[in-house]
Amino acid sequence: MAAIIQAQELRKTYKIGKVDVPALRGVSFEVAEGEFVSVVGPSGSGKSTLFYILGGLTKADGGRVLIGGTDFAQLSDGERTRLRKSKIGFVFQKFNLLPTLSARDNISIARDIAGRKSTPDDDAHFQKITALLGIDKRLDHRPSELSGGEQQRVALARALINRPAIVLADEPTGNLDTKNSDIVLNMLRQSNKEFGQTVLMITHNPEAAAFGDRIIHMRDGEIVPAAKDPQMPYDPAKH
Ligand SMILES: Nc1ncnc2c1ncn2[C@@H]1O[C@H](COP(=O)(O)OP(=O)(O)OP(=O)(O)O)[C@@H](O)[C@H]1O
Ligand SMILES: [Mg+2]
């Protein structure tokens, strides 16, 4: 299958005063359309930096990201934003919900922001994913009236509502208990298998990583072979 995400020699160094903090030191990989890829690595290995660059939220110092063959950096700011909103759904570790809006509005605002009019088919999709995520009875509540797990499920519904080709998730289960983690991971798997969405999920947790078809291991801003990652005894081929 064609590559939907191509990362080519990505480099990023943060500058704190006079000190350079290298976060990515030349990261290259491809994700095929319809794949579910997990990215694991120790704290500080550059996973979130990679997430922000792949999603076009941060610029790399070097290298390229191609999404569906299109180079983000070649686009105008407006075109890049449009591509991001139509093609990519984001899930963040800290949910990033709008506190004054109900769960329902937090989800449907993603549709409004993408400039889409709601069709009956969209409404059916809304109902399907909110029911699958078990938040259909909580839609009139604001984030402060929801548990962390419910908030993350709302955030996931928001990411999926536009049926983006790509779902990027940075530690989506990092703040959740086992039950909520399972709901979120199963939904990601279902988005991948049933809805055909490409998923790239960053996680610390080997059991969560095993939900992916393939695991990319990062260390010190580079991709390393699985054998060099002592945190990962899991062989995805066996799961
Ligand atoms: N905004 C920033 N300014 C300066 N340094 C940063 C910034 N963001 C990240 N870094 C540094 O870049 C490196 C990679 O950080 P990054 O957040 O990508 O790691 P991570 O793998 O996501 O870690 P974690 O598992 O803790 O979330 C770290 O050394 C970090 O301290
Ligand atoms: Mg991170």
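**Close-up views of the predicted model**

View 1. Chains are lettered from A and ligands numbered from 1 in the order in which they are written, and residues are numbered from 1 along each chain as its sequence is written. The model is predicted: local features need pLDDT of at least 70, side-chain atom pairs count only at pLDDT 80 or more, and totals for chains, interfaces and linings use all residues. β1 and β2 run antiparallel and are joined by 11 bridges. Further along, Lys12 has Leu24 in β2 as its bridge partner. Two residues lie between the strands of this hairpin, where Gly17 takes a positive phi near 60°. Strands (E, at least two residues) and helices (H or I, at least four) are DSSP runs, numbered from the N terminus. Two strands pair if DSSP finds at least two bridges between them.

**View 2. β2, β1, β4 and β5 form an open sheet in that order.** The pairing is antiparallel. β2 and β5 (70–71) are the edge strands, each pairing on one side only. β1 is joined to β4 (residues 62–67) by five antiparallel bridges. Gln6 stands opposite Leu66 in β4. β4 and β5 also run antiparallel, with two bridges between them. There, Ile67 has Thr70 in β5 as its bridge partner. α1 packs on this sheet and touches β1, β2 and β4. The direction of α1 makes about 120° with that of β1. Such angles run from 0 to 180 degrees between N-to-C directions; axes are lines fitted to C-alpha atoms, for helices over the stretch in contact. Contact between two residues means that their C-beta atoms, placed from the backbone, lie within 7 Å.

**View 3. Ligand 1 has a shell drawn from β1, β2 and α1, among other parts of the chain.** Tyr14, Ile16, Val21, Ala23, Gly41, Ser43, Gly44, Ser45, Gly46, Lys47, Ser48 and Thr49 surround ligand 1. A residue is near a molecule or strand if its C-beta atom, placed from the backbone, lies within 6 Å of it. β1 (3–16), β2 (19–32) and α1 (47–54) each supply at least two shell residues. α1 gives the largest share, three residues. The shell has four nonpolar, seven polar and one charged residues. Here Ala, Val, Leu, Ile, Met, Phe, Trp, Tyr, Cys and Pro count as nonpolar, Asp, Glu, Lys and Arg as charged, and the others, Gly among them, as polar.

**View 4. A six-stranded open sheet runs β6-β7-β8-β3-β9-β10.** The pairing is mixed. β6 (88–91) and β10 (222–224) are the edge strands and pair on one side only. From one strand to the next, the twist averages 25°. β9 (residues 214–219) and β10 pair antiparallel over three bridges. His217 stands opposite Val224 in β10. α6 packs on the sheet, touching β3 (36–40), β7 (166–170) and β8. The direction of α6 makes about 150° with that of β8.

**View 5. α5 (residues 148–160) packs against α6 (residues 178–193).** The angle is about 10°, and the axes are 9 Å apart. α5 is therefore roughly parallel to α6. Angles under 35 degrees count as roughly parallel, over 145 as roughly antiparallel, 65 to 115 as roughly perpendicular and the rest as oblique. From α5, the contact takes in Gly149, Gln152, Arg153, Leu156 and Leu160. α6 contributes Asn180, Ile183, Val184, Met187 and Ser191. By class, this contact has five nonpolar, four polar and one charged residues.

**View 6. Mean pLDDT among the elements is lowest in α2 and highest in β8.** pLDDT is the predictor's confidence in each residue, from 0 to 100. The protein chain has a mean of 91, with 94% of its residues at 70 or more. Helix α2 (residues 77–87) has a mean of 87, and strand β8 (residues 198–202) a mean of 98.
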